[in-house]
Amino acid sequence: MKYKFFLLLFFLSTGSVIFACFWDYDTVEMERQRFPNIIELLSGNFLRHSQEYHFWRIKDREEKLQTNSDSLSLMDDLAVSYSKTGNDKQAIKIGHSQLLIQPNRYETLANLGTFYIHNGDLASGITYIDRAIDVNPNAHFGREIYQRHLAAYVFSKKVNGKIPLPLASKFQKNPEALPNPKQLDNFYTFLLNKHLDTINSIEDEKFEIPSDKRSNMLPHKKLKEAIIGIMGMMKFGNTDSPILAEVLGDLLMATGWKDGARQLAARAYLKASYDCKNKQAEKVYRKRVEYVLFHQYTKKRGSQFTIKDLEAMYQEERILGQKFFNRIKNDEIKWIAQGKQPEIEFGKKYYSEPVLGERIQKASAKWRNNHEYLTDTLVGTTVNYRTENKNNKISNAKAKETVDSLLHNNQSIPVKNPKVMPKSSNSWFFYVIGIILLIGLSVAIRKKLK
């Protein structure tokens with residue numbers, strides 16, 4: 001018994017010291033955190049800042065730039081927050097002023113490309129993203145490469161100067177077969193054609209398809225990179241873009257994973273239907289959800305997994321995501337009101353991404369004879385790119401008004417912006433406990449040896 005007790009004491013003391021060593025709140029950019037899982041991303045269950053935070057940061061950075069006018073990092077923050085609050089024109093203006101200071105800076109070029117794309121100028125966006133890629137092709141996990149491909153894809157879909165939604169409205173004749181890019185003409189097809197234009201052969205990959213048809217598939221590594229790239233654009237760029245949700249669905253459908261990818265793709269298309277703000281486009285997106293769920297069945301034998309089943313789950317996930325975001329928003333408003341720096345407090349409280357757990361139903365490939373929705377000839381309508389959302393505009397106005405009011409009543413907000421946060425005082429507690437336990441363990445061992 002004594003042996004077991006001493007062994008337990010040893011593990012507890014050692015664990016306390018190790019835990020104390022890692023109990024440290026270092027300032028890290030959200031960019032460096034891992035990408036959220038796809039379901040968390042599509043439902044809004046991921047770390048992000050509120051509009052109130054970005055309006056606060058605009059005022060904070062403008063104040064700091066008065067005494068440090070050539071700080072490119074402060075200008076980065078200011079430009080991004082202007083873009084996040086819907087003022088891409090001002091963000092572009094700041095970007096060009098940065099280029100006067102340092103003409104070939106990667107961060108400035110990449111941001112300018114993004115701002116131009118968000119502002120609807122795809123051609124200019126592609127130009128600056130190309131320049132950023134030339135400077136640093138591997139930064140941001142290679143995201144700019146796929147942002148460039150996406151901008152070119154969207155540009156290729158323009159009709160009379162406008163962007164059609166959905167970008168791809170074709171349906172495959174046989175919904176049970178693995179996706180055939182030639183029949184879909186979507187973002188996956190676009191990437192595949194780009195890939196085939198640049199190489200003569202495709203590396204051997206283990207797909208769930210016959211080997212003689214692998215020449216029609218994008219290499220698994222490239223497909224994975226594209227999915228990560230689009231996820232990054234959604235998380236750090238425009239979360240509610242129907243275009244990003246649609247192309248993510250296109251890529252997921254092409255993986256060939258029957259058990260999960262189709263349900264994830266269906267969620268992506270469902271999100272696009274919510275975000276497009278156009279009834280006709282919404283109808284086409286929902287038909288695509290029906291298409292990708294064609295052979296999905298729940299664990300209950302013989303029960304078909306329909307759009308109704310998926311939407312019930314997805315709505316539940318979105319409610320959880322909204323609740324999580326509301327907590328962040330309320331906390332950031334509170335921190336602003338208290339005169340604290342919300343970015344520092346955010347890093348202390350929201351360090352890890354939330355995880356929803358298992359949400360995918362086991363799939364079973366079975367044939368259905370109902371092809372009704374496949375014979376519908378409905379195609380996507382043409383709408384303006386990044387259509388204005390009146391609700392968002394009202395929300396932005398209220399967020400700005402809230403921050404203006406808080407800053408007017410509290411003039412003591414610190415301007416110091418340390419790069420590294422101080423260590424939490426809680427870590428000393430674990431150090432002390434670990435040392436005490438180690439001393440106790442050594443005394444006990446010495447007594448036993450005597």
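## Overall make-up

How many helices and strands are there in the protein? There are 18 helices and two strands, with helices (H or I, at least four residues) and strands (E, at least two) taken as DSSP runs and numbered from the N terminus. This is a predicted model, where local features need pLDDT of at least 70 and side-chain atom pairs count only at pLDDT 80 or more, while totals for chains, interfaces and linings use all residues. Residues are numbered from 1 along each chain as its sequence is written, and side-chain values use heavy atoms, leaving out hydrogens and water.

Of the 450 residues, 49% count as buried (under 20% relative accessible area; exposed is over 50% and partly exposed in between, with a 1.4 Å probe and protein chains only). Take the contacts (heavy atoms within 4.5 Å) with a separation of 6 or more: 73% of them are between residues 24 or more positions apart.

## Helix α10

Helix α10 covers residues 187-198, twelve residues in all. Its first and last C-alpha are 17 Å apart, close to the 16 Å expected at 1.5 Å a residue (that is, 1.5 Å times one less than the number of residues).

Buried residues in α10 include F187, Y188, F190 and H195. At the start of the helix, a side-chain oxygen of N186 comes to within 3.0 Å of the backbone nitrogen of Y188.

## The α13 and α14 pair

Helices α13 (residues 261-275) and α14 (residues 279-292) have axes that come within 8 Å and cross at roughly 170 degrees. Those axes are lines fitted to C-alpha atoms over the stretch in contact, and angles run from 0 to 180 degrees between N-to-C directions. The two helices are therefore roughly antiparallel (an angle over 145 degrees). On the α13 side, the residues making the contact include R262, A266 and Y269; on the α14 side, they include E282, Y285 and R286.

K277 sits in the loop between α13 and α14. This residue has a positive phi of about 55 degrees although it isn't a glycine, and at 54% relative accessibility K277 counts as exposed.

## Around strand β1

N160, in the loop between α8 (143-156) and β1, is another non-glycine with a positive phi, at about 55 degrees. Its relative accessible area is 79%, so N160 is exposed.

In the loop between β1 (163-165) and α9 (181-184) you'll find P166. The peptide bond from L165 to P166 is cis, with omega near -10 degrees.

Conventions: A polar contact is a pair of N or O atoms within 3.5 Å; within protein, one must be able to donate a hydrogen and the other to accept it, and residues adjacent in sequence count only if both atoms are side-chain atoms. Angles under 35 degrees count as roughly parallel, over 145 as roughly antiparallel, 65 to 115 as roughly perpendicular and the rest as oblique.
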